[in-house]
Every structure is written in structure tokens, then in C-alpha cells.
Amino acid sequence: VQLVESGGGLAQPGGSLRLSCAASGFTFSNYIMKWFRQAPGKERELVAAVTARGDRTDYADFVKGRFTISRDNSKNTVPLQMNSLKPEDTAVYFCYAGLQYGLGYREYWGQGTQVTVSS
């Protein structure tokens, strides 16, 4: 199983970045997919989520209207489009896959990609 994030880097305030998560080794289309982030000295927090079929999305209040999550079940990818970036968006961004089955739960994490927003 692999979740590989890409697209991180340095952006100026007000700029944009597009992250992507490439998944392999599991039945991607069955899993809810999420992006989390963790800033230095802070706890990991949920940024955005998309259902297995891609028919519903959810966002943390601090990114609503700025970030867009989507998924391509034919390519096993989960892009996160980030616009109007702010310095407080600086963090390591992680891709997450989760599946509830019966009474159990299965989840996978990527290694993360650094996003730095600075002038």
C-alpha cells in the first residue's frame, strides 16, 4: 500500500499550489480520502475530505472557499487545489485513506509534503 503526496513547495501569500496524492495497493474507489496537515508544534488537523464515490466533499472552516478536494477513481489520485494561500497554511500536508468495514476500520497515511507560504 502506498500513498504518495506531491506538489508541495514554496508559495507567496495569495498564491496557489496544487497537491496530489497517488494511491496504490488497495481498492482506492472504496475508500474515503482526506487531506490533513500538521504545522510545527501543532496537532495534525483535518483539511478536507471526499467520499469514496466523490459525490460529497467537506472542508475545515479555515480553508472553505480557498481549497478544493477532488478525486479521480480511474487514476487513483486525490488532488487538493489550494488558492489564496496564507502564511498560516504552512504545514506538512498528509494524504489519508480510510475504510469502515463491519466493526473494523482500515486506514493508510502518506509520508507528507511540505507547503510553505511566505513572501
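Which residue in β8 does L17 stand opposite? L17 stands opposite M82. The legends below describe close-up views of a predicted model.

**View 1. Strand β8 between its antiparallel partners β3 and β7.** β3 and β8 are joined by six bridges and run antiparallel. L17 faces M82 of β8 in this pairing. Strand β7, residues 67–69, is also antiparallel to β8, with three bridges between them. Here the bridge partner of F67 is again M82. Strand β8 covers residues 77–82, and five of its six residues are buried, so the rest of the structure largely encloses this strand.

**View 2. The disulfide between C21 and C95.** The structure has one disulfide. Its two sulfur atoms, from C21 and C95, are 2.1 Å apart. The angle about the S-S bond is -80°, and the link is left-handed. C21 belongs to strand β3 (residues 17–24) and C95 to strand β9 (residues 91–101); the two cysteines are 74 residues apart, so the pair links distant parts of the chain. Are C21 and C95 buried or exposed? C21 has a relative accessibility of 0% and therefore counts as buried. C95 is likewise buried, because its relative accessible area is 0%. The cut-off applied to both is under 20% relative accessible area. A disulfide is a covalent bond between the sulfur atoms of two cysteines.

**View 3. Strand β4 and its pairing with β9 and β5.** β4 spans residues 32–38 and is mostly covered, with five of its seven residues buried. Seven bridges connect β4 with β9, and the two strands are antiparallel. F36 stands opposite F94 of β9. β4 also pairs with strand β5 (residues 45–50) in the antiparallel sense, through five bridges. In this pairing R37 has E45 of β5 as its bridge partner. β4 and β5 form a hairpin with six residues between the strands, and G41 in this hairpin takes a positive phi near 75°.

**View 4. The largest nonpolar core and the surroundings of M33.** This core holds 31 residues. Those with the most contacts inside the core are M33, W35, L80, M82 and Y93. At least two core residues come from each of β3, β4, β5, β7, β8, β9 and β11 (113–117). β9 supplies the largest share, five residues. In soluble globular proteins, nonpolar side chains tend to be buried together.

**View 5. V1 and the residues it touches.** V1 lies in the segment before β1 (2–6). With 54% relative accessibility, V1 counts as exposed, because the cut-off for exposed is over 50%. Not counting residues up to four places away in sequence, V1 touches S24, G25, F26 and Y108. The C-alpha atoms of V1 and R56 are 25 Å apart in space, and these two residues are 55 residues apart in sequence.

Methods:
Residues numbered from 1 in each chain as written. Predicted model: local features only at pLDDT ≥ 70, side-chain atom pairs only at ≥ 80, totals over all residues. Heavy atoms only, no water. Disulfide = S-S within 2.5 Å. Helix = DSSP H or I, 4+ residues; strand = E, 2+ residues; numbered from the N terminus. Buried < 20%, exposed > 50% of the residue type's maximum accessible area, 1.4 Å probe, protein only. Pairing = 2+ DSSP bridges. Core = buried A, V, L, I, M, F, W, Y, C linked by side-chain atoms within 4.5 Å. Contact = heavy atoms within 4.5 Å.
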